[in-house]
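Here's a quick tour for anyone meeting this structure for the first time. Have a look at the picture, then read on for the main points.

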Amino acid sequence: MEQVKVTLKGDVREFAAGMSVADIAKEIGAGLYKAACAGKIDGKMVDLRTPVTADCTLEILTFQDPDGKHAYWHTAAHVMAQAVKRLYPNAKLAIGPAIDNGFYYDIDLERPLTPDDLPKIEAEIKKIIKENLPLERFELPSDQAKTNMQEDGQDYKVELIEEHSGKGEAISFYRQGEFTDLCAGPHLMSTGCLKAVKITNATAAYWRGDANKKQLQRLYGIAFPKASELEEYLQKVEEAKKRDHNLLGRQLGYFTTVDYIGQGLPVLMPNGARVVQTLSRFVEDEEEKRGYLLTKTPFMAKSDLYKISGHWDHYRESMFVLGDPESDKEVFALRPMTCPFQFQVYLNKKRSYRDLPMRLNETSTLFRNEASGEMHGLIRVRQFTISEGHIACLPEQLEQEFIGCVELTNYLLDTVGLKEDITYRFSKWDENNKEKYIGSPEEWETVQDRMREILNDMKIEYTEADGEAAFYGPKLDIQMKNVHGKEDTLVTVQIDFQLAERFGMTYVDADGQTKYPYVIHRTSLGCYERTLALLIEKYAGALPMWLMPEQVRILPLSDRLIPDAKGIEAKLQQAGLRVTTDTRSEKIGYKIREAQLEKIPYMLVVGDKELEQGTVAVRSRKDGDLGTMPLDEFLSKALHQVATKSKE
Ligand SMILES: [Zn+2]
Ligand SMILES: [Zn+2]
């Protein structure tokens, strides 16, 4: 019999040609066969049923691999749809993909599901798992596929097949028992391979996400190979909910949103505004120490500016344009980036090599017209304020300046406590989509190689991502996940080899020649709204004391003592602490509980005895009762904690 050479984890083994991925897994071991979710042949995802017909590299993916997890969850989505069909035979199925954390299925039902329905569906899912129905893959010509689905009344599937039919390819299906679904796979071998499945949410969703189309029921679910893993996951979700800045940030008075202001335009309340002010002062001071020059530039400009920078051609759909470019003589746009404005500072004078590097920074408010569906609390917004900066430098200064930017960022993130949670991503252009970028392929390759060299010299661990570069150059993105596991970019450092030329930014070099500098675009602490959100989630609202909008709360034991409490408040305030006094006629226990819920670092209880002795009874949010101490002693301890930017 013909044999094929299969490379598995570096070892080459021979198998009979035509064996399926599942058969090969079985031959390697029963454990692997049981855990297998999908395969990868020469890096391409395949089904466990796919025959191996030629020499190749094979990976057998389990639930531990992201793609294996996807196949596992996708199979769970089919089982959930099967359960719904058994209980509600008239249900029409739309789409049911695996997502980053589980799966969903959009289903057209005669009536909306209620919370009472979900346990019934879950019970049916359990039954289907127990029945251990094998999943079979088969293909039909698109005409036949369409007829079958029409007969079954599956209108949405018919629509999906019609979209595919132009390609002339056969349509693939998966069948398990009485249930058949249009599907590209891959899938587990049988429904019995699933273990712990849970429906986590039921919401409404429009077919194709289009509000003009029919509203469907979306069922979200999650599944794990072990019940204990499901338990752990559900607990984590509960914990995440408690930390979600979109909830906690509102409860603690950091921000609010108002319908008639608009989506993605949060209002920072006094607490949130105070934290952002503290952060931006810290960043501006640190940047000043590192040789940056501060600028303040306009929030908008005529389209002429963006035409030079390339934003008009490459970024306009993300910009707020004021006026109609077709009919108005002059059109303005709100700035999506600070660069073209800050460049004017450079252009204001003739520059020599002696002026370089020139480091400019600005606490800059920017506007980006993102789709309203993507808005999320303080993380996805349309107006935000960011520590933006641009460095013009000589080619031989590029590496040092780049490193300086990363070091500054690392220092800032470390100080606020986020450094341990970040990852680095080298974001490159997309070779197959050249029109999105300015500059030639050779220039892109050269500058990307240069950047890779710098990153390797810095010995930082990074992943590479195609198609994530800015339109004018590659970037290092510092990424962080929010409490739900969704990743966003916090900080970027970009190398630009295009815009200096476009703007005619030149310098006279030592040899008398006129040249273009390199430009580094960088942020140092990211956008303050997003950083605030991540801080709230990381610390569950109990930010380090130096960042807290309220650091000390004074709790007089009776109304009679309010004037004395106010005296203490004034003294601490004068010394630089952020203090309030709770003057309500509530019981002291109640006041303490409330201050604790608001995560106030210190509560000072003031009674007759303390006033007589010049002491205060101190409670901390972390350690509870700390006993009494002289007011001055508390003050100097508290000031030290703030001045050293302690993480407590
Ligand atoms: Zn499917
Ligand atoms: Zn820039």
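Two residues count as being in contact if their C-beta atoms, placed from the backbone, lie within 7 Å. Going by that, and leaving aside neighbours within four places in sequence, V606 is in contact with I554, L555, P556, L557, L561, D564, A565, I568, L611 and V616. Keep in mind that this is a predicted model.

**The big picture**

- The chain has 648 residues, and buried ones make up 38% of them.
- The chain is divided into four pieces: domain 1 (3-62), domain 2 (67-237), domain 3 (256-538) and domain 4 (545-643).
- Between the C-alpha centres of domain 2 and domain 4 there are 57 Å.
- Take the contacts between residues at least 6 apart in sequence: 67% of them join residues at least 24 apart.

**The nonpolar cores**

- The largest nonpolar core has 89 residues, and I520, L532, L604 and V606 are the ones with the most contacts inside it.
- Helix α13 (residues 398-416) is the top contributor to this core, giving eight residues.
- Domain 3 (256-538) and domain 4 (545-643) each supply at least three residues to this core.
- Another core lies apart from that one, with 56 residues, including V6, A36, L61 and A94.

**The eight-stranded sheet**

- Eight strands make an open sheet with mixed pairing, in the order β16-β20-β21-β28-β25-β24-β22-β23.
- At the edges stand β16 (293-294) and β23 (462-466); each has a single partner strand, so one side of each is left without a neighbour in the sheet.
- Inside the sheet order, β22 (residues 422-428) and β24 (residues 475-481) pair in the antiparallel sense over six bridges.
- F426 has L476 in β24 as its bridge partner.
- Helix α9 (residues 270-289) lies across β16, β20 (358-367), β21 (383-393) and β28 (518-527), and runs at about 150° to β28.
- Helix α13 lies across β21, β22, β24, β25 (487-496) and β28, but this helix runs at about 5° to β28.

- Strand β3 (residues 36-41) runs antiparallel to β5 (residues 56-62), and five bridges join the two.
- Across from A36 in that pair stands T62 of β5.
- Strand β3 also runs antiparallel to β4 (residues 44-46), this time with three bridges.
- Here K40 stands opposite M45 of β4.
- The hairpin of β3 and β4 has two residues between the strands, and D42 takes a positive phi near 50° in it.
- Which residues of helix α1 (residues 21-28) are buried? They are V21, I24 and A25.
- Looking down the axis of α1, those buried residues fall within an arc of 100°, so they line one face of the helix.
- What do the buried residues of α1 pack against? Their partners are β1 (3-8), β2 (11-16), α2 (30-35), β3, β4 and β5.

- Strands β10 (residues 171-176) and β11 (residues 179-182) run antiparallel and are joined by four bridges.
- F173 stands opposite L182 of β11.
- Two residues sit between the strands of this hairpin, where G177 takes a positive phi near 60°.

**A glycine to look at: G377**

- Where is G377 found? This glycine is in the loop between β20 and β21.
- Is G377 buried or exposed? With 25 other C-beta atoms within 10 Å, G377 is buried, because 20 or more are enough to count as buried.
- Leaving aside neighbours within four places in sequence, G377 is in contact with H245, N246, G249 and A533.
- G377 and L265 are 112 residues apart in sequence, and their C-alpha atoms are 9.0 Å apart in space.

Key
Residues are numbered from 1 along each chain as its sequence is written. Chains are lettered from A and ligands numbered from 1 in the order in which they are written. This is a predicted model: local features need pLDDT of at least 70, side-chain atom pairs count only at pLDDT 80 or more; totals for chains, interfaces and linings use all residues. A nonpolar core is a set of buried Ala, Val, Leu, Ile, Met, Phe, Trp, Tyr and Cys residues joined through C-beta atoms within 7 Å. A residue is buried if 20 or more other C-beta atoms lie within 10 Å of its own, exposed if 12 or fewer, and partly exposed in between; C-beta atoms are placed from the backbone. Domain bounds come from an automatic or database domain assignment. Two strands pair if DSSP finds at least two bridges between them. Axes are lines fitted to C-alpha atoms, for helices over the stretch in contact, and angles run from 0 to 180 degrees between N-to-C directions. The arc is that of the directions from the helix axis to the C-beta atoms.
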